[in-house]
Amino acid sequence: MPDPFQPAKLGPVTLRNRVIKVATSEGRSPDGLVTDDLIEFHRQFAAGGVGMTTVAYCCVSRDGASAPGQIVMETRSLPGLRKLADTVHEAGAAVSAQLGHGGVVATRKVNKVTPMAPSRFINPSSFDYCRPIKRDEITRVIDQFGAAAQVAADAGFDAVELHFGHLYLPSSFLSPLMNRRKDEYGGSIDNRTRFPREIAQRVREVVGDRIAVTAKISMDDGLPGGIQLTESLRTVQLLDHDRNLDAIELTQGSSVFKPLYMMRGDTPVKEFAGVMPPPVNLALPLVGKWALGSYPYHDVYMLESARQFVPVAKHTPLILLGGITNRGNIEDAIAEGFSFVAMGRALLREPDLINRLQVDPSSRSRCNHNNKCMVTVFGRTHCVLDPQQ
């Protein structure tokens, strides 16, 4: 079994170890540009020992934002992105940009335009009407992903992560609940996977072997009639066959409904109600656990589903996410056939956790999975137990 704390190849990039800081909404770019606060946020993870840190959420277009103040991957963002990449490199880690288009997760309030979906859809969390995306707009979004990847490469980033999960626009095409199209992008899972495959191909054409290209994919979304594991296995098989990706990060859940399915642990209804506008804030105390979801936490909670993808991805390394809190979890993931692990809340609580795990193998995360950090994404993402971060 490879030592998870030794260097490992991710496509054309060598990471100093097999631990990746997962992409999490950061709320540290109020004007849509890189700030010193955002740079320091990622510098901590790099100095703390991760192999690579992932900047989220980087929009491929202005109408693809899912929240205010997100970075748009365009020319005006380049100076800040270069400074961020240089800082992370100086601290010894690689850096990736998560590229995404909000689709149904976007809102009219933020973007001043009607959100797009594969088919007509009402977002149950924002109550926004989402219009069907047109055929020429599909082509435009594919090109926007390619252009965004070019910006990341020009900024000196080591990788890009294509956000194909959580029912953002590419992921919504994979959902039979949202995708009722009658053209070549709807119907069978092979057709519904076409849009993500074309994005991956376009990005690979643009960046070649200069940087690594990964994708984040929901194994299932936890919604009746939505993305199911059996179909996701086929999606990964098709992407693996194309060989346009250097790794696939497996996730679960959605940003549309029952978001706690991807997190597990406590459901902070009171805290969510405190940041929501009327009338949602009034309804949440009554229906919050139903709307947000309530799922018990246990370590490596995505492993049972994720291990089914190991024999399917014959050419593409897999990244395990979900409840990785100690050295044993990391070593078990590698032994199961995963090439990398991704960590979120544990590192938000302790940015130096990876350094500590190497010095003291008995260490484990102090995160208690209260999930109140989820509420902070509406302002400035941080661990509520260490607010000075």
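Student: Where is Y57 found?

Tutor: Y57 sits in strand β4 (residues 52–59). A strand here is a DSSP run of E with at least two residues, a helix is a run of H or I with at least four, and both are numbered from the N terminus. Before we go on: this is a predicted model with residues numbered from 1 along each chain as its sequence is written, and its side-chain values use heavy atoms, with hydrogens and water left out. Local features need pLDDT of at least 70 and side-chain atom pairs count only at pLDDT 80 or more, while totals for chains, interfaces and linings use all residues.

Student: What kind of peptide bond leads from A56 to Y57?

Tutor: A cis one, with omega near -10°. In general, most peptide bonds are trans, and most residues other than glycine have a negative phi.

Student: Which phi value does L167 have, and why is L167 called buried?

Tutor: Its phi is near 65°, a positive value in a residue other than glycine. L167 is in the loop between β10 (159–164) and α5. L167 comes out at 0%, so it's buried. V300, in the loop between α10 (280–292) and α11 (303–306), also has a positive phi, near 40°.

Student: How do you know whether K112 is buried or exposed?

Tutor: Set its value against those cut-offs: K112 has a relative accessible area of 63%, so it counts as exposed. You'll find K112 in the loop between α3 (108–111) and β7 (116–117). D63 is 49 residues away in sequence, yet the two C-alpha atoms are 8.1 Å apart.

Student: What makes H42 buried, and which residues is H42 in contact with?

Tutor: H42, in helix α1 (residues 36–47), has a relative accessible area of 0%, so it passes the buried test. Contact means heavy atoms within 4.5 Å. Skipping neighbours within four places in sequence, H42 touches E26, T53, T54, V55 and V88. S175 gets the buried label too, with 0% relative accessibility; its place is the loop between α5 (169–174) and α6 (189–192). With the close sequence neighbours (within four places) left out, S175 contacts L167, R192, D221, G226 and I227.

Student: What makes a set of residues a nonpolar core?

Tutor: They must be buried Ala, Val, Leu, Ile, Met, Phe, Trp, Tyr or Cys, joined through side-chain atoms within 4.5 Å. The largest one here has 98 residues, and M73, L99, F157 and L162 touch the most other members. Helix α4 (residues 135–154) is its top contributor, giving nine residues. Apart from that core lies another, of 20 residues, including A56, A65, L223 and A291. In soluble globular proteins, nonpolar side chains tend to be buried together.

Student: How do you know how α4 packs against α7, and why is the crossing called right-handed?

Tutor: Two packed helices are described by the angle and the distance between their axes. Axes are lines fitted to C-alpha atoms over the stretch in contact, and angles run from 0 to 180 degrees between N-to-C directions. For α4 and α7 (residues 194–207), the angle is about 35° and the axes are 8 Å apart. A crossing is right-handed if the near helix is turned clockwise from the far one by less than a right angle, left-handed if anticlockwise, and α4 passes α7 in the right-handed way. Among the residues making the contact are F145 and A149 of α4 and I199 and V203 of α7.

Student: What makes the chain as compact as a globular protein?

Tutor: The chain has 15 helices and 14 strands. The radius of gyration is taken over C-alpha atoms, and the globule rule is 2.2 Å times the number of residues to the power 0.38. The chain's 19 Å is close to the 21 Å the rule gives for 389 residues, so it is as compact as a globular protein of that length. Buried residues make up 61% of the chain's 389.

Technical notes
Buried means under 20% relative accessible area, exposed over 50%, partly exposed in between (1.4 Å probe, protein chains only).
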